[in-house]
Amino acid sequence: PDELPRAEVLEYLKAHCPKKVIPYLEFLVNEGHETRTEFHDELAFQYLDTLRALYDAAGGYPTQRPFPEPGAEPGDIGAYRKALLHFLETSDYYKPQALLTGMKIPVQGLFEERAVVLSKIGSHDKALAIYALDLGNSAKAEEYCRAHYREDRDDCKDVYLSLLQVYLRPPPAAPNAPRRPTEPMLAPALRLLSEHYQHINI
């Protein structure tokens, strides 16, 4: 397969055998050492389009908390969410902004996926708001802080402060997204100050 022109093979599959597009792109990315952005973007788009169709057939994205863990859903939805989330976390070659514009990643579903993409562009406050408010999961929000905190990096040294601000001044939800809490979340804010005060510029 390495001897074939990859872009031409991809276009042929999209036109004549669309069910083979994702397996082919997965092969290129995972085994073919493909690093070109257009292939990584295309794989992300293919995952998202497939999930959108699956959710439409199932009646839409879940609207009631607690939302299922990505990959825990039955059937193809779980399998594709697991694959998409792993790809978004591990690939350094897709363009995050391309996934955030044009509603490629919906604001009313796929919350973890959106948070991962936001983290890639350093939008830690928005990613933390997803974990703490949309998912209602303070443990995941604080796990995110532990993973991203870097004292010597300007773009990462204030992630705990960003979470504290999310708790005390919850930002409004995006249009069409589930409603968020509007009152300060004092209990998790005080716990954060108690446990991570050394990481917060008081």
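Predicted model: local features only at pLDDT ≥ 70, side-chain atom pairs only at ≥ 80, totals over all residues.
How many salt bridges does this protein contain? Taking a salt bridge as a side-chain nitrogen of Lys or Arg within 4 Å of a carboxyl oxygen of Asp or Glu, the count comes to 16.

Residues are numbered from 1 along each chain as its sequence is written, and side-chain values use heavy atoms, with hydrogens and water left out.

Let me begin with the overall architecture. The protein has 10 helices and 0 strands; helices (H or I, at least four residues) and strands (E, at least two) are DSSP runs, numbered from the N terminus. Its C-alpha atoms fill a box of roughly 60 × 40 × 25 Å along the principal axes. Of the 202 residues, 45% count as buried, where buried means under 20% relative accessible area, exposed over 50%, and partly exposed in between, with a 1.4 Å probe and protein chains only. With contact defined as heavy atoms within 4.5 Å, 58% of the contacts between residues at least 6 apart in sequence join residues at least 24 apart.

I turn now to the interior. A nonpolar core is a set of buried Ala, Val, Leu, Ile, Met, Phe, Trp, Tyr and Cys residues joined through side-chain atoms within 4.5 Å. The largest one has 56 residues, of which Phe 87, Leu 88, Leu 99, Leu 163 and Tyr 167 touch the most other members. Helix H3, residues 37-57, supplies the largest share of this core, 8 residues. Leaving aside neighbours within four places in sequence, Phe 87 is in contact with Val 29, His 40, Leu 43, Ala 44, Tyr 47 and Tyr 94.

Let me come back to the salt bridges. In general, side chains of opposite charge can pair when their charged atoms come close. Within helix H3, Arg 52 and Asp 49 are 3 residues apart, about one helical turn, and their side chains meet in a salt bridge at 2.8 Å, N to O. Arg 52 is partly exposed, with a relative accessible area of 27%, and Asp 49 is partly exposed at 35%.

Which parts of the protein does the pair of Lys 140 and Glu 69 tie together? The closest N and O atoms of this salt bridge are 3.0 Å apart. Lys 140 lies in helix H8 and Glu 69 in the loop between H3 and helix H4 (75-90), so the pair ties together parts that are 71 residues apart in sequence. Glu 69 is partly exposed, at 42% relative accessible area.

A network of salt bridges links Glu 69, Glu 73, Arg 81, Glu 112, Glu 113 and Lys 140.
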